[in-house]
Structure formats: structure tokens, C-alpha cells
Amino acid sequence: MDLFAREVAGQVDPETFQSRLDSAVLYAIQLQEMAGVDIITDGEYRRESYVKIFAQRVGGFERDLLDGFAILDDGRFYDSRARRVVAPSQAESPLRYPAVVRPIEAGRPVVLEEARFLMAHTSLPVKVTLPSPYILARRLWHPDFSREAYPTRQDFLDDIIPVLRREARELEALGVYFIQLDDPWLSLFVDEGYRSHFEAVEREIHTSIDCINRVVSGIRQARTGVHFCRAHYNRQTGFRGDYSYLLPYLKDLRVDQLVMEFALPNAGSLEVLEAFPEHLELGLGCVDVRSEEIPPSGRIVEMVRRAARYVGRDRITLNPDCGFAPSNTNPIPLDEAYRKLKAMAEAARRLREE
Ligand SMILES: [Zn+2]
């Protein structure tokens, strides 16, 4: 984050900025390879955040206009920790987000270059993530700032889809093994308190699912998945609730895998997997990224055995609950990330031997 802050302040020249990011990504790749991970990411070192990367690459946004809390339909914010709604003038999350203020200029690829660099530096299959259309539309459109560019949130959403669709196709053509759309804001509907502030929750869910289907439609070579987490900040989340509310809707997703968190304490019981869609694979979150504790691999093995009562073992992939991405919102030491990945890889090895 220090490097990004210096870049924004114009205190670092572009070559130094790039070469430092390259070094960090090479280190992240080697760390995963050493830990025994089978599918590699670039650690997302080039992104100030997984959502802001879209605004960084695609023109039409202005920095730091919005508060970090979830935005409700009327433009007010939902503070998940205090569990209350606050007016924009009173919102005081420590995070800031850009808002769309002009029609987007979709000339530049979003994550294609980072995917290319990653693939040039590992022989293992790679995973590349993109923010879902829904989270971009809810996170970056606000009635106070965006109406001139896009009268409604839906208008903005309609413009986002072709950009992500093209990006997904280019990632596929490059040979990316797994393309993941991150949709924490769809997952937030697991929380009854948050959900109660929406007039038409089902419509929101269907919108998100439909947009994802449109982005991945026609993708055949790459595997596709959607990541559902409860939006952490600083090792915490205020959003509660298990996936039982959401799961029945997810059968309509035309992707290969649902990448879900099950290790964190408020994820609830694995029994919700009873309703897991039969045609989908499960990315089983088996390492809590909030707690500092390194889980013994035996505990992960046990968890997979329990999950396998509902979802066949051949449909389960292991992953951490969420990313370890280094940022000011997720201060996870690299040693901890390494040891957690190693425990996960060791569990996978033991389960394959069985
Ligand atoms: Zn996540």
C-alpha cells in the first residue's frame, strides 16, 4: 500500500513502480509454488483493491468520493458493524472508493497484463479474478455523483458487462485455467439485517446472476467460478448469516464452481451444503483468513470429509475463505499466508492419497 500511496502522490517514477510490483508478484508466485498450491494467482499485488482495479484501468471515475460502507438504493450507507443505516454526510468508514462520474472508456484491458505476466512466470495452471458486474455497479455508482454519467445504476451495469465479457474472452484466449468473478455484495444478502433494507432482494439476486451469466457465456476452455464472501475489512466482517438463504438461487449460475467461505466462525454449519446445486463444483473455503491461527492439516482433512457428505469429493476444490491480498484493509503477514497455504496443500495431498 505504501507503494500505491507514493504512486498516487507522484513520488515514484513509473519504471520503479512497475519493477517493484513485478518483484512482489514473482515472490507471491514462488511462495505459492513452495507451499504446494496447484493453481496459482499473482497475489493481486497490482491492485489497490479487487474492485478499484476496474476504476484504475477503465476511465470515467473520480477517486475517493465514496465511503467504504455498503451503499443502499437511496444512496445512504449501511454500517455492518454498528448494524445501522447512515446518511452520506455521517458515514465515516476509514475506506474510500471512487465513483463513476463520466461514461466509462473501455479501451484498456483490466487484468489481462497481470495474467500475461503471471503465466510467463509459472508453469502451473493459473487463476485470475475479476470483480462481478453487480459489485462494480453497487460499489461505484452513487446517486449524488453518477447520475449525469448514468441516470440509473442499471445503465451503468449495462455498460460494464461488455467490458468484462471481452476481458473474460481474452483471458480464455491467453490460456488462463480459471476465471473467477468476485461477488461479495451478492453474498451480503445472507445477512438479514442488511437484506431488510432492500425492497426487492430477489430482483437484486437475479440481476447479479444474470450479469455473471452474460459475462461468462461462450467461455468453454477456461473454467469459471464465482466467489462469495462476507466482505472483510481489517480481518473482520460485520455481515452475518450462513449461505442457506442464497443457495437456492445459485443453481441458475452458468459457471463451473462456487467459491465459498466455510472456515470463519460465522459461516455456519456445513449442513447448508444439503442445498448445494448438483451440477456445480464447490470451492471449499477451508482456511479462515481473519484468525491468525494456522489450522492443522488434519482439521482441514476432517472438514473436507464432512463436506463430502453433501458434495462428492471429485467436485471439491480447496481454497482459503478469501484472499490474503496485501492491502491496508487486510493486514495478513506473508509468513502466515504461506503457512496456511501449506496446511491446505498438505490436506489436499492426504485426501488424494485416500
Ligand atoms: Zn473474498
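Predicted model: local features only at pLDDT ≥ 70, side-chain atom pairs only at ≥ 80, totals over all residues.
Strand β6 and strand β7, the latter made of residues 178–182, pair in the parallel sense, and 5 bridges link them.

Is β6 mostly covered or mostly open? The strand is mostly covered, since 5 of its 5 residues are buried. The burial applies to both faces of β6. On one side are K127, T129 and P131, on the other V128 and L130, and all of these are buried.

## The six-stranded sheet

Strands β6 and β7 belong to an open sheet of 6 strands, in the order β6-β7-β8-β9-β10-β11. The pairing in this sheet is parallel. Its edge strands are β6, residues 127–131, and β11, residues 316–320, and each of them pairs on one side only. On average, neighbouring strands of the sheet are turned by 30° against each other, with direction ignored.

Which helix packs on this sheet and touches β6 and β7? The helix is α7, and its direction makes about 175° with that of β6.

## The nonpolar core

In soluble globular proteins, nonpolar side chains tend to be buried together. The largest nonpolar core of this model has 99 residues. Inside this core, the residues with the most contacts are I212, C286 and M344. Helix α7, residues 153–174, gives the most to the core, with 7 residues.

What does I212 touch, leaving aside its neighbours within four places in sequence? I212 is in contact with S132, L181, V226, L253 and V255.

## Two helix pairs

Two packed helices are described by the angle between their axes and the distance between the axes. For helix α4, residues 112–120, and helix α7, the angle is about 15° and the axes are 10 Å apart. Angles under 35 degrees count as roughly parallel, and α4 and α7 are therefore roughly parallel to each other. The crossing of these two helices, α4 and α7, is right-handed. From α4, the residues L112, A115, R116 and M119 meet E167, E170, L171 and L174 in α7.

The other pair is helix α2, residues 14–35, with helix α13, residues 334–353. Their axes cross at roughly 35° and come within 8 Å. The crossing of α2 and α13 is right-handed. Which residues of α2 take part in the meeting with α13? They are L31, Q32 and A35, and they meet L334, Y338, L341, K342 and A345 in α13.

## The three-stranded sheet

The model also has an open sheet of 3 strands in the order β2-β3-β4, with antiparallel pairing. Strand β2 (70–71) and strand β4 (84–86) stand at the edges with a single partner strand each, so one side of each has no neighbour in the sheet.

Strand β3, residues 77–79, pairs with β4 in the antiparallel sense over 3 bridges. Within this part of the sheet, D79 stands opposite R84 in β4.

Notes:
Residues numbered from 1 in each chain as written. Core = buried A, V, L, I, M, F, W, Y, C linked by C-beta atoms within 7 Å. Buried ≥ 20, exposed ≤ 12 C-beta atoms within 10 Å, placed from the backbone. Helix = DSSP H or I, 4+ residues; strand = E, 2+ residues; numbered from the N terminus. Contact = placed C-beta atoms within 7 Å. Pairing = 2+ DSSP bridges. Axes fitted to C-alpha atoms, helices over the stretch in contact; angles between N-to-C directions. Parallel < 35°, antiparallel > 145°, perpendicular 65-115°, else oblique. Left-handed = near helix turned anticlockwise from the far one by under 90°.
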